[in-house]
Amino acid sequence: MILRPSAQTFRVVGYYTGKVVTGLGFLAIIPLIVGLGYQEWDPALNFALGALLSFIVGVGLQIAFYTLDDLTWGEGLIVTAGAWLWATALAAVPTFMSGHYGLFADAVFDVMSGFTTTGLTLIQDLDHVSYAQNMWRHILTFAGGQGIVVIALTFLLKSSAGAFSMYKGEGRDDRILPSVVETAKAIWLVAGLYLVVGTAALTAVNLGLGLPFEKSFWYGMWTFMGAWSTGGFAPMSYNMLYYHSLTFEIITLIICIAGSMNFALHWAVWNGKRGELRRNIEIQAFTATVLITVGLAIVALAQTGIYPEALAMARKATYTVVSAHTGTGFSTVLSQAYRTQWGPLAMMVVSVAMMLGASSGSTAGGIKAMRVGIFFKAVKGDLKRILMPPSAVIKEGYHHIHDYFLDDTTIKRVFIITLLFLFTYFLSGFVGMFYGYDFVDALFDGASALSTTGLSCGITDPITMPVGLKMFYTVLMWVGRLEFLSIMVLAVHAYSIVRGR
Amino acid sequence: MRSVGKDKLGRSSTQLGAEALDIPNISLREHWRDHFVGMAVEAAYALALLAAGGVMAWAVVTIVNAGAR
């Protein structure tokens, strides 16, 4: 039996959703300022209206559902799943008003892609987008990477058990400081310091490439935002191919790898526990799977013979696979070239890299290194049980900031989420086939959406992509970012409103 | 954190709080130095990963070219 939500549940959920939506209004002020600074009056007006709309809805919800009660665990998850939808719908309004989208569904797709740090885009004429609009796209992806609940926690919410459940619902599992609000602020500290250093490095490279200072700075900062949040948005339609620079590619990959690390790991390494980087199960699993997938991609590309020189092959294969594995989606290969030059084997390798993903508690999506590591530990433990005498006590353990024993409950949870991911990956392939695409191509873009990566082999296109598939991918990105749990709780509650008691 | 007193061992409440949280009781300068060294360690790890990709590509291309000859 599923209990129908009480009036108090609606009140609490409405109130906290209002808080998160109000936070979105503050975000829209940043592109508004950029627009005013560059005298881009139309985009500035769009963001003024967008901010006003978020404030009206957010403050309205807070007044209408005012309460002093804290959220229960389930209510926190509902707020998170619901707030991502509210925020996406509201942020899509100024996005659509830019005139760069054919349909409102396209704007919703792009905002969801930004918030979930995917990077797939349906924007038209990207090379002539206003500074304000570009700022908005990258702010969405940078803020979405840290988490829209984290934004609300930083500025608008008090620390409480309910706040922690919202935070958990966003796919984060690390509370490294006693208060979840303090943890949210520490997340911004790490991101902020990387922002300064990363933007400075990329700006310097851009200046060296001959771009004027202003463009060098903006492109450097936006590229950093796309890389750190493992988002993949870029200011130019050629993505990273626009720069044609090995130095630029190396710096962006370093930022992508750093952005895909678990925040708790950052905090440990940044506070003197540097050996953590070697011992951590996520880094061990990530290193192993990156090396295997890069190696496989190189073998697959060697078979095609399109990159006869080692440096050219290393650049293309390493960049694409690491970008895919970290869930970033930056590309130095044109979308169509995956189909016409890389071929099905290399595409499948990249798809697998996307599916695996990087660390939990980061902005990366996919199955994630923690689950991959625990999976292999569980297999190793079972093999030992078979090979050792029956009286032997086998206890597998792993290290993630602290030492843990591997228990059956942890293994069960890992298998459930991994199977849900695998099932949904294949579903995305079949849905793509329903719309007339080849399975390998459909799996590539479907895996990209679900693992919030952003690489595309050309299916994701504003003109040729069917509207139904655009909406399906929008849902995939939402599901992939929140990792099923929050969304299943929301779905169960929605069902209970209709059928429950 | 603000220190408001000391225990029998002469440890301030600031220090005790830091120990309870497993945070080293260090100066602000050391704190920021740790942050930047941590950042450099992470970048070194990322570079090593990318270099491994380069080595693998070199090995594969060498083998393929040798086979072609």
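# Exercises on salt bridges, interface and core

The structure holds 10 salt bridges over all chains, a salt bridge being a side-chain nitrogen of Lys or Arg within 4 Å of a carboxyl oxygen of Asp or Glu. The model is predicted: local features need pLDDT of at least 70, side-chain atom pairs count only at pLDDT 80 or more, and totals for chains, interfaces and linings use all residues. Residues are numbered from 1 along each chain as its sequence is written, and side-chain values use heavy atoms, with hydrogens and water left out.

**Exercise 1.** Describe the salt bridge found across the interface of chain B and chain A.

Step 1. The rule finds 1 salt bridge across this interface. Asp34(B) pairs with Arg274(A), and their closest N and O atoms are 3.8 Å apart.

Step 2. Asp34(B) lies in helix α2 (residues 28-68) of chain B, and Arg274(A) in the loop between α11 (263-270) and α12 (276-279) of chain A. Helices (H or I, at least four residues) and strands (E, at least two) are DSSP runs, numbered from the N terminus.

Step 3. Buried means under 20% relative accessible area, exposed over 50%, and partly exposed in between (1.4 Å probe, protein chains only). Asp34(B) has 9% and is therefore buried, whereas Arg274(A) has 32% and so counts as partly exposed.

**Exercise 2.** Find where Arg371(A) and Glu483(A) lie, and state what their pairing ties together.

Step 1. The closest N and O atoms of the Arg371(A)–Glu483(A) salt bridge are 3.1 Å apart.

Step 2. Arg371(A) lies in helix α16 (residues 369-387) of chain A and Glu483(A) in the loop between α19 (467-482) and α20 (485-499), so the pair ties together parts 112 residues apart in sequence.

Step 3. Arg371(A) and Glu483(A) are both buried.

**Exercise 3.** Which residues touch the most other members of the largest nonpolar core?

Step 1. A nonpolar core is a set of buried Ala, Val, Leu, Ile, Met, Phe, Trp, Tyr and Cys residues joined through side-chain atoms within 4.5 Å.

Step 2. Among the 142 residues of the largest core, the answer is Trp228(A), Ile257(A) and Tyr473(A). Helix α15 (residues 335-356) of chain A gives the most to this core, with 11 residues.

Step 3. Contact means heavy atoms within 4.5 Å. Not counting residues up to four places away in sequence, Tyr473(A) touches residues including Phe109(A), Leu120(A) and Met465(A).

**Exercise 4.** Is Ser351(A) buried or exposed?

Step 1. Ser351(A) lies in helix α15 of chain A.

Step 2. Its relative accessibility is 0%, so Ser351(A) counts as buried.

Step 3. Leaving out residues up to four places away in sequence, Ser351(A) touches Leu443(A), Phe444(A) and Ala447(A).

Key. Chains lettered and ligands numbered in written order.
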